[in-house]
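Colleague: May I ask how the main features of a model are to be read?
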Amino acid sequence: MNKSNTEKEPAKKPSMSFGQILNMSIGFLGIQMGFALQTGNASRILQTFGADVDKLTWFWLAAPLTGMIIQPIIVHYSDNTWTRLGRRRPYFLTGALLSALALFFMPHAPWLKALIAPVIVGAGTLMIMDASFNVAMEPFRALIADDLPEEQHNQGFSVQTALIGVGAIIGSLLPYVLPAWFGVAKTAPKGTVPPNVLYSFMAGAVVLVATVLWTVFTTKEYSPEEQASFQADKQEESKDDQEDKNQSAIAEVFSNLVHMPTTMKQLAVVQFFTWYALFSMWVFTTPALAEHVFHIKAGDTSSEGYNNAANWVDILFGVYNAVSAIYALLLPKILTKISRKKIHSFSLIMGGLGLISLFLIKNQYLLIVPMVGIGLAWGSALAIPYAILSNSIPPQKIGVYMGIFNFTITIPQILNGIVGGLLVKHIFNNQPIYALVMAGVFLFIAALSVRWLQDDPEKQSA
């Protein structure tokens, strides 16, 4: 492009109506419904197939490992792809179809027991499911930046956040609602997933595909030429980065990893303790509360008592997801009054208190109270680190750095996957409730480490 073009006033993206923004983001509802079914029920399913509590983290380990590999590569290629279907849509459509298949096959693993142990099938589908969610999620986030003018970005991400919450609530509550309201059986023979969980996963697969298809067919993407016209004043930046674009995906990721901004390195410390704690919560809450509050013996996964406990955990996860959705929508207003660092630190402390208090509470209904604190931590973790990060990285590299930032989420989960079960077995005497207490302490450490974050005080909007 010649120099005169770089001096032109860039074209402006047209504003979108609320309905158009909703269409663009509705697929996230289905993705998060599937993700909530995974986080709320994967341990339950794996235990049903014969996994010991201290081995659960090993099975969950596949999920962050695949996410760490898949997400930066997907972001790189979606940044530099154009097909007849567009730039981002091929990726989240492919991710949705693969996620739906994994949601269907995971609870049906006993069908294949003549060929391979159900617990291995369950672990394999968990890995495919998480990888597929990663394929779908980041291109969905990038679509907001691609299609909306800057003044609508907050609205776009707010709508997306609300849909994340709605999907997570539906996915969390469905295994409880089906037996409570529709009489679906909640127990099954030993080694078999109860019908309420099986039907919930099947419903999640259908909703996931339907909502993503809705976005694919109702949302258009701007061509590379149109995107270039919107960034006419940034052509020199793009020229400087041409060498990066000509590298392979792996080379680009490692090049930018070496030169990551200081704030991103500081965020990595906060993220480490945050996501180690969250991984413990997802893996151990069901077995911990089944034993500690419902007094179910370890290994008893086919009784009505165990399934009542597991269904109640789904309710609790629905509560924290509902709190996080409301909190995330309120954060832009709150952040006009209080700094991001203070809010994130407060939220993590509340989450830490929530996790530790699970040890002290013996009444199942009182367990709802700690979920409020956990919901504040989850809502903040989904929003504020990304807001801080977006102000500290070059705009032309936001895609690849968002992918690299995923390492700060997956690496602590991988470490937890390796050592978490060993701690439960050898340090905590096979009592997973102490893994939740440790998770609470880690959230306190994360809150403390926020203090040393460098964040531009002039940029406080999320």
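The dialogue below takes up the fold, the core and a pocket.

Modeller: This is a predicted model, in which local features need pLDDT of at least 70, side-chain atom pairs count only at pLDDT 80 or more, and totals for chains, interfaces and linings use all residues. Residues are numbered from 1 along each chain as its sequence is written, and side-chain values use heavy atoms, with hydrogens and water left out.

Colleague: How many helices and strands does the chain have?

Modeller: Helices (H or I, at least four residues) and strands (E, at least two) are DSSP runs, numbered from the N terminus. The chain has 19 helices and 0 strands.

Colleague: What share of the residues is buried?

Modeller: Buried means under 20% relative accessible area (1.4 Å probe, protein chains only). Of the 462 residues in the chain, 57% are buried.

Colleague: Which residues touch the most other members of the largest nonpolar core?

Modeller: In soluble globular proteins, nonpolar side chains tend to be buried together. A nonpolar core is a set of buried Ala, Val, Leu, Ile, Met, Phe, Trp, Tyr and Cys residues joined through side-chain atoms within 4.5 Å. Here the largest has 114 residues, and Leu46, Val212 and Trp282 touch the most other members. Helix H13 (residues 262-292) gives the most to this core, namely 16 residues.

Colleague: What is Val212 in contact with, leaving aside its neighbours within four places in sequence?

Modeller: Contact means heavy atoms within 4.5 Å. The partners of Val212 beyond those neighbours are Gly27, Ile31, Phe92, Leu93, Ala96 and Phe140.

Colleague: Which residues lie nearest the centre of the second largest pocket?

Modeller: A pocket is an open set of points on a 1 Å grid over the protein atoms alone, where a 1.4 Å probe fits, with protein on both sides within 12 Å along at least five of seven lines; lining residues have an atom within 4 Å of a point. The second largest pocket is lined by 15 residues, and Gln47, Ala51, Asp52, Ala298 and Gly299 lie nearest its centre.

Definitions and conventions:
Buried < 20%, exposed > 50% of the residue type's maximum accessible area, 1.4 Å probe, protein only.
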